[in-house]
Amino acid sequence: MRTLRMLLRLTILFAQLTRVFPAVYSFAALTSDTTLTSLSDTMIFCNKGSAMTVTLPAISTMTENSGAESRYFNFVNKGAGTCTITRAGSDNIYNNDASAATSVALTTGQSLAIVTDLSSW
């Protein structure tokens, strides 16, 4: 009975968290080229046997009113081909060394965490 009560409490807590932070626990396995939106899943598994491209949402759609003002995405390439994460339009992706890039290529097994500050990725 104690275990059941604890499980029920955890289930309620999880439901509350996913209502407040709907993207915190969301994930998707992609098998084709995809363009993300401000409300897309946050954990993305690239899982294609050949090269694929995932386009980030346009920064202009990542408004405070969308609940995505500090939206992040985590990418993991589980597929056999390269997974290229690319910008939308003229948005920039900044690397650790503060240089702007138009895309980031992930080979099999590589991962990338990316966040927006509403001006760039």
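**Stop one: β10 and its partner**

Select tyrosine 72 and look across to β10, where its bridge partner is valine 115. The model is a predicted one, so local features are kept only at pLDDT of at least 70 and side-chain atom pairs only at pLDDT 80 or more, whereas totals for chains, interfaces and linings use all residues. Numbering starts from 1 along each chain as its sequence is written, and side-chain values use heavy atoms, with hydrogens and water left out.

Now show β5 (72-77) next to β10 (111-115): the two pair in the antiparallel sense over 5 bridges. Strands here are DSSP runs of E with at least two residues, helices are runs of H or I with at least four, and both are numbered from the N terminus. Two strands count as paired if DSSP finds at least two bridges between them.

**Stop two: a pocket**

A pocket is an open set of points on a 1 Å grid over the protein atoms alone, with protein on both sides within 12 Å along at least five of seven lines; lining residues have an atom within 4 Å of a point. Its volume is about 150 Å³, taken as the space filled by probe spheres set on the points, which are joined across faces, edges and corners. β10 gives the most to the lining, with 4 residues, and β7 (93-94) also supplies at least two. By type, the lining divides into 8 nonpolar, 2 polar and no charged residues; Ala, Val, Leu, Ile, Met, Phe, Trp, Tyr, Cys and Pro count as nonpolar, Asp, Glu, Lys and Arg as charged, and the others, Gly among them, as polar.

**Stop three: the core**

Trp121 also belongs to the largest nonpolar core, which has 20 residues. Such a core is a set of buried Ala, Val, Leu, Ile, Met, Phe, Trp, Tyr and Cys residues joined through side-chain atoms within 4.5 Å. Select Val54, Leu56, Phe73, Phe75, Ile85 and Trp121, the members that touch the most others. Elements giving two or more residues to this core include β1 (27-30), β3 (43-46) and β9 (103-106).

**Stop four: the open sheet**

Next, colour the open sheet of 4 strands, in the order β2-β4-β6-β9 with mixed pairing. β2 (34-35) and β9 stand at the edges with a single partner strand each, so one side of each has no neighbour in the sheet. Inside it, β4 and β6 run parallel, joined by 4 bridges. Zoom in on valine 54, which stands opposite isoleucine 85 in β6.

**Last stop: two asparagines**

Is asparagine 77 buried or exposed? Buried, with a relative accessible area of 1%; asparagine 77 sits in strand β5. Asparagine 92, in the loop between β6 and β7, is partly exposed at 24% relative accessibility. Draw a distance from its C-alpha atom to that of threonine 102, 10 residues apart along the chain, and the separation is 6.1 Å.

Methods: 1 Å grid on protein atoms, 1.4 Å probe; cavity = no way out; pocket = protein on both sides within 12 Å on 5 of 7 lines; lining within 4 Å. Buried < 20%, exposed > 50% of the residue type's maximum accessible area, 1.4 Å probe, protein only.
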